[in-house]
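Have the view open as you read.

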Amino acid sequence: MKINPKNGIDKLLFGMKQNDVTALYGKPNRNYKDEDDNVIFAYNALKMRLTFYQEEEFKLGYIVASSPDLELFGNKVIGKKINEVKKELASKGITKFTQEDFDTFENYFNEDNWFILQTEFDEVVKFEIGAIINAKDEFDWKFGKK
């Protein structure tokens with residue numbers, strides 16, 4: 001499954017509605033609302049959790065994924081050492097990360113592409129990506145754009 005920075009993962013594009021996603025992947029294994037009334041879809045086989053923002057007409061705005069099939073610029077990310085992934089990303093000009101530590105986890109956040117590499121024991125275990133906020137402080141929705 002290809003990660004498309006600033007756009008989404010695989011066939012998912014930021015800005016899709018729930019029916020667009022179910023047309024691609026079928027019904028989710030879990031479908032619930034979070035504390036902010038956002039709708040969450042969880043797909044077990046894809047190892048992805050999708051968030052549809054309530055304040056944005058329930059458009060897809062955030063994806064959390066942990067599938068070993070995830071690829072960023074042709075390289076697998078899940079299960080790899082963070083230093084190896086960062087070196088691969090540096091070759092694509094992605095070098096700025098803000099690091100946060102939580103117990104045994106570390107998050108490496110790249111604001112330019114709005115993604116997080118989450119590690120545990122120095123290995124990437126989760127990838128999170130969100131829709132980009134543009135210069136007008138609005139979401140830059142990708143779905144439906146020509």
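Me: What are the classes, buried, partly exposed or exposed, of Lys-76 and its salt-bridge partner Glu-71?
Reply: This is a predicted model. Lys-76 has a relative accessibility of 37%, so Lys-76 counts as partly exposed. Glu-71 stands at 29%. Buried would need a value under 20% and exposed one over 50%. Glu-71 therefore also counts as partly exposed.

Me: How far apart are the closest N and O atoms of Glu-71 and Lys-76?
Reply: Side chains of opposite charge can pair when their charged atoms come close. The cut-off for a salt bridge is 4 Å. Glu-71 and Lys-76 form such a bridge, and their closest N and O atoms are apart by 3.7 Å.

Me: How many salt bridges does the structure hold?
Reply: Glu-71 with Lys-76 is one of them. Lys-80 with Glu-84 is another, with the closest N and O atoms 3.7 Å apart. The structure's count of salt bridges is four.

Me: Is Lys-80 buried or exposed?
Reply: Glu-84, a partner of Lys-80, is partly exposed at 38%. Lys-80 has a relative accessibility of 16%. Buried means under 20%, so Lys-80 counts as buried.

Me: What kind of aromatic pair do Phe-109 and Trp-114 form?
Reply: The structure holds eight aromatic pairs. In one of them, the ring centres of Phe-109 and Trp-114 are 5.0 Å apart, with 90 degrees between the planes. Planes over 60 degrees apart count as edge-to-face. The pair is therefore edge-to-face.

Me: Which residues do ring pairs link into a cluster?
Reply: Rings pair if their centres lie within 6.5 Å. Such pairs link four named residues into a cluster: Tyr-25, Phe-41, Tyr-43 and Phe-52.

Me: Where is Phe-73 found?
Reply: Phe-73 has a positive phi of about 55 degrees although it is not a glycine. At 37% relative accessibility, Phe-73 counts as partly exposed. Its place is the loop between strand E7 (71-72) and strand E8 (75-76).

Me: Is Phe-121 buried or exposed?
Reply: Phe-121 has a positive phi too, near 55 degrees. Phe-121 is found in the loop between strand E11 (115-120) and strand E12 (123-130). Its relative accessibility is 61%. Exposed means over 50%, so Phe-121 counts as exposed.

Me: What separates the C-alpha atoms of Ala-90 and Phe-102?
Reply: Ala-90 lies in helix H2 (residues 82-90). Ala-90 is partly exposed, with a relative accessible area of 38%. Phe-102 is twelve residues apart from Ala-90 along the chain, and their C-alpha atoms are separated by 25 Å.

Key
Residues are numbered from 1 along each chain as its sequence is written. This is a predicted model: local features need pLDDT of at least 70, side-chain atom pairs count only at pLDDT 80 or more; totals for chains, interfaces and linings use all residues. Side-chain values use heavy atoms; hydrogens and water are left out. Rings of Phe, Tyr and Trp (its six-membered ring) pair if their centres lie within 6.5 Å; planes under 30 degrees apart count as stacked, over 60 as edge-to-face and the rest as tilted. A salt bridge is a side-chain nitrogen of Lys or Arg within 4 Å of a carboxyl oxygen of Asp or Glu. Buried means under 20% relative accessible area, exposed over 50%, partly exposed in between (1.4 Å probe, protein chains only). Helices (H or I, at least four residues) and strands (E, at least two) are DSSP runs, numbered from the N terminus.
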